[in-house]
Amino acid sequence: MDPWDFLDETDVMGMWPADKRELLASTKWQERKEALDSLAGLLQKHPKLSIKTLTIYGELMDDLKKILVRDSNINVVAVAINVLQMLSSGLRSKFTGFLPMLLEPLLNKSKDKKASVREPLAACLDSIAEWTAPEKLVADLQKALANTNPQMKQLLTKFVANTLNKQAGPPMDFIKQIVPIVVKHASDADREVRDVALEALGSTQRLIGPALKPMLKELTQDAAKMGKIEEACKTAAEAYKEYCAAKNCVPVAGPSSEGEASCPTSEPVDAPEAAVEGVDPWTLFDPVNVWAAVPKNWEEMLGSSKWQDRKEVLDNFLGSLKDVQRIKPDPAHSNVVIPGLIKVVAKDININVAATAASCLYILSEGLRTGFGPYALQAMTPILDKFKEKKSVLKDRLVELVDSVAVSAPLDVVLEPAVTALNSSNPAVKLQTTSFLARHLAQHSTGTLKIELVKILIPALASRANDADSEVRDSACSALGAIKRCTGEGPFSILLGDLEAAKKTKIDEACAKLIAENAANVAAPAILRANDQRAKAATPPNKAKPAAPTANPTPAAATSVGKPVSASNHVTPARPPPTTALPARPINSAPSSSKPVAQATARPNVRPAVARPLSTQNRQASAPPTNKSKAEVKPQEARPITPTLPALRLPRPLQMGNSRIPAFKPTHPPN
């Protein structure tokens, strides 16, 4: 529990005497110092400041800024910095509102060599960083660290280390922007600057672990400096524990919504290992547009008949890729550059030219990651086929290239070229392909290795386990061991079939070794990224489809009892009767049958029967003899029947008087 929470807020500005406040504008430094000393005494007695309104501090902050920028007296400046330190502690996260006007002057004061200024300045900056999200410090701190003044670099780099030692989780934006400058300071001419830079890098390693290594660049070749970074990492872990013990809390990983860098939670715990987990070094770099370095005559130069021209354009492009970790995707350029490089690897007879093209492809694959996936299938066949070249200047580059390309896309994309290469007649191609599959399959897990692919891989690798070359056999057994770790004993034995006991022993040994290295059976991050990209591409966008419009919308019909029928249940009306009226049988004539005719009753849910016209012969045959002329015969009107819902069975023939109406034959099937 924080004792600060039990304190009452105090309006120190209201307690500060007006006559003392007026002395800040005095031309005498003693009077200015007296005014600040009186305020510092009040702040020391009342550490928790009122935050009901921050406007009461605005004029004071402006006066303090003027002192930092213009005052030439060291004593006044030192007291002003001390006052700012107590104000930041009393306002905590609310002090961040004044940072835009105060942070730059404070950082610039780090040029001063006097200890009377540097000591309170370091305490003030640490107090600000404790209650401010590190990302809010980046812009001004980045500019100040780039200054060539050694005193400034030394104090501010130490400030970076102190800030990182208070973090439970890595502030990624802060690390991305500040650490590259600290890496440069690690090679500074000033020894003190180098030492604090290595200390800050150790504090960074505590938070992000091995992800720091790509950012160190040339420092990785200096064993002495790498050793100091390791020692500084252990020291930073101890400093973090001491900070937690002093605060009796654990800073949360990242700033809160109010901009605080930490907040009290529970008893201190050892959290550096948790903070390291899941940090991807690739995300620490900004995407670089490398395509601007591609010349306009790229294709022309790659197609030149002189190998020197081809080598020159590739060397220039490779030089532009130096130290590039993350590449900005640009299909308009990559669709030209990458296929051109693949063609050089596949067909160029000059080994040096092909090796340079392979180096370019490797950097592009590493920088684009899954963005290189669309070119993976196109690249795999020439890469594997080029392994027939045994010279290490090309072979070594192809080994790292094939491993990188294989994880840019799911395994099923690159499997076909690999299986084809396994059946190559060239021993070098078979050896490098089986070795590649052993390395690649070792990164998979049960969840990422599909059974369909296993059914293809096991027979192909089993045939190579009986190869005449011993190295090919050993690599094939290693690859089969990786598969067995993913599938388990039962399914693997079924698919493997008969194999010599000695080879099965090698497979079991390879499987046991991988289980010991990866007991959790978790796939490598690169494999998970490739599969995740496939899943995202296969998932359709979650958009609601609009209802299909009805071609002929039908209004609601009324039933016989007057209730409306929905349009979905509406029955398409039957074919309309012909314009020519059907002559009806006279009422007084005898029926055609001697049996009595039952009276037709109205039935629900029956469509109206419609009379069909008869031919002339049938009409004459069915008409009864009568003495009346055709003009005197009046057709009988059919009884109206209200249409309702469709019937599930056909109605019986209806008789109306002496006229027999044929049964209704539906023209459309019921809904």
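This is a predicted model: local features need pLDDT of at least 70, side-chain atom pairs count only at pLDDT 80 or more; totals for chains, interfaces and linings use all residues.
As a rule, nonpolar side chains in soluble globular proteins tend to be buried together.

Stay on Phe 95 and show what surrounds it. Leaving aside neighbours within four places in sequence, Phe 95 is in contact with Met 61, Leu 84, Leu 87, Ser 88, Leu 102 and Ile 128. Is Phe 95 buried or exposed? Phe 95 counts as buried because its relative accessibility is 2%, below the 20% cut-off.

The rings of Phe 95 and Phe 98 form a tilted aromatic pair, with 6.2 Å from centre to centre and 55° between the planes. Phe 98 is buried too, at 9% relative accessibility. A search of the whole structure turns up three aromatic pairs, and the one between Phe 95 and Phe 98 is among them.

You'll find Arg 92 in the loop between helix 5 and helix 6 (99–108). Check the backbone here: Arg 92 has a positive phi of about 55°, although it is not a glycine. Most residues other than glycine have a negative phi. Despite sitting in a loop, Arg 92 counts as buried, at 14% relative accessibility.

Jump to Arg 369 for another case. Which loop holds Arg 369? Look between helix 18 (351–368) and helix 19 (376–385). Arg 369 also has a positive phi of about 55° without being a glycine. Its relative accessibility is 17%, so Arg 369 counts as buried.

Carry on into helix 19 and pick Ala 379. Ala 379 is buried, with a relative accessibility of 2%. Setting aside residues up to four places away in sequence, Ala 379 touches Ile 342 and Val 405. Draw a distance from Ala 379 to Val 405: the two are 26 residues apart in sequence, yet 7.8 Å apart C-alpha to C-alpha.

From there, click on Ser 404, in helix 20 (residues 392–406). Which residues does Ser 404 touch, not counting those up to four places away in sequence? They are Tyr 362, Ser 365 and Glu 366. With a relative accessible area of 4%, Ser 404 is buried.

While you're in this part of the chain, bring up another core.

Now for two arginines over rings. Select Arg 206 and Tyr 240: the charged end of Arg 206 sits over the Tyr 240 ring, 4.4 Å from the ring centre. Then select Arg 326 and Trp 282, where the charged end of Arg 326 sits over the Trp 282 ring, 4.2 Å from the centre.

Time to colour by annotation. Over residues 457–493, the chain is 84% helix and 0% strand, and the end C-alpha atoms lie 14 Å apart.

For a stop in helix 7 (residues 115–130), go to Ala 122. Ala 122 is partly exposed, at 29% relative accessible area. The C-alpha atoms of Ala 122 and Leu 106 are separated by 9.8 Å, and these residues are 16 apart along the chain.

Finally, zoom out. The protein has 28 helices and four strands, and 42% of its 671 residues count as buried. Of its contacts with a separation of 6 or more, 73% come from residues 24 or more positions apart.

Before you leave, colour by pLDDT. The mean is 81, and 75% of the residues reach 70 or more. Residues 540–602 fall below 50, and beyond near neighbours in sequence this stretch has 59 contacts in the model. Residues 614–635 are also below 50; beyond near neighbours in sequence, that stretch has twelve contacts.

Definitions and conventions
Residues are numbered from 1 along each chain as its sequence is written. Side-chain values use heavy atoms; hydrogens and water are left out. pLDDT is the predictor's confidence in each residue, from 0 to 100. Contact means heavy atoms within 4.5 Å. Helices (H or I, at least four residues) and strands (E, at least two) are DSSP runs, numbered from the N terminus. Buried means under 20% relative accessible area, exposed over 50%, partly exposed in between (1.4 Å probe, protein chains only). Rings of Phe, Tyr and Trp (its six-membered ring) pair if their centres lie within 6.5 Å; planes under 30 degrees apart count as stacked, over 60 as edge-to-face and the rest as tilted. A charge sits over a ring if NZ of Lys or CZ of Arg is within 6 Å of the ring centre and within 35 degrees of the ring normal.
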